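Follow the account below with the model open beside it.

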Amino acid sequence: MKTAVVTGGSSGIGLSCCRKFLENGYRVYELSRREPKIQTVGIKHISCDVTDEHSVSEAFKEIYNDSGRIDILVNNAGFGISGAVEFTELSDAKKQFDVNFFGCFICSKNVIKYMRLQGGGRIVNLSSLAAPLAIPFQAFYSASKAAVNSLTLALANELRPFNIKVCAVMPGDVKTGFTAAREKNTAGNEFYGETLKRAVAGMERDEQNGMSPDAIADAVYTAATKTRPRLLSTKGAKYHLFLALSKALPVSLVNIIVGKLYS
């Protein structure tokens, strides 16, 4: 039986991914700091902090000893912060990168040796359309996901000789608890005022009217099992169009359009 590991799998996209792999006959392990509120038979929870290398190392060691193999890793753990760059504390920006980027790096680093030992595997990173389309007042979330894309591309080349494939799925707006969990910094209102409020409100509105986490789980499963997955992919006709336009139009024009959408 093949084994899939999903980080941040206790809710939202991660939980949907766990269920998708379970439905398709995989042995599934879910890594998160807290026990899932909804227990699903067949999904094994392992308490793990993806920003702690020792915690991650012990989790993967347990999984490999238990199952004998790790075929798929889905790096899904993440959260968002919003606010003006000028008024963002360095500690908050670092925390954003610690979870979204370094968590992805640490988990990938620790799973590679097992995948190489067994002759192959697949790493799927959850990025965001906010990586190629940087969102104002969400600069550090966008930057962390852009870093995930760069890591994905570099790692895909490094691991090709070992039959380990690496790719990233870049969701657009998805309706999950991610919106409520966003850490919103309102400092600087006297300068950015209504622009900041409208930008964050617009993001939250779009997310709550977005796709279901199950739709993203379908895209992740395809990326994890397709013979030749796209290195960077998205889900939904609207988001495919946004991505195509971002490549076809001048960067300055794309950036102006994104700015007007969130102003």
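Val 74 has Val 124 of strand E6 as its bridge partner. The model is predicted, with local features requiring pLDDT of at least 70 and side-chain atom pairs pLDDT 80 or more, while totals for chains, interfaces and linings use all residues. Residues are numbered from 1 along each chain as its sequence is written, and side-chain values use heavy atoms, without hydrogens or water.

Strand E4 (residues 72–75) and strand E6 (residues 121–126) run parallel and are joined by 4 bridges. Helices (H or I, at least four residues) and strands (E, at least two) are DSSP runs numbered from the N terminus; two strands pair if DSSP finds at least two bridges between them. Strands of a sheet pair through backbone hydrogen bonds, either parallel or antiparallel.

The open sheet has 7 strands in the order E3-E2-E1-E4-E6-E7-E9, with parallel pairing. At its edges are strand E3 (43–47) and strand E9 (232–233), each pairing on one side only. Helix H3 (residues 90–118) packs on this sheet and touches strand E1 (3–7), E4, E6 and strand E7 (164–169), where contact means heavy atoms within 4.5 Å. The direction of H3 makes about 175 degrees with that of E4; axes are lines fitted to C-alpha atoms, for helices over the stretch in contact, and angles run from 0 to 180 degrees between N-to-C directions. Helix H4 (residues 139–159) lies across E6, E7 and E9, at about 160 degrees to E7.

How many disulfides does a search of the whole structure find? The search finds 0, a disulfide being a pair of cysteine sulfur atoms within 2.5 Å. For Cys 17, the nearest cysteine sulfur is that of Cys 18, 7.1 Å away.
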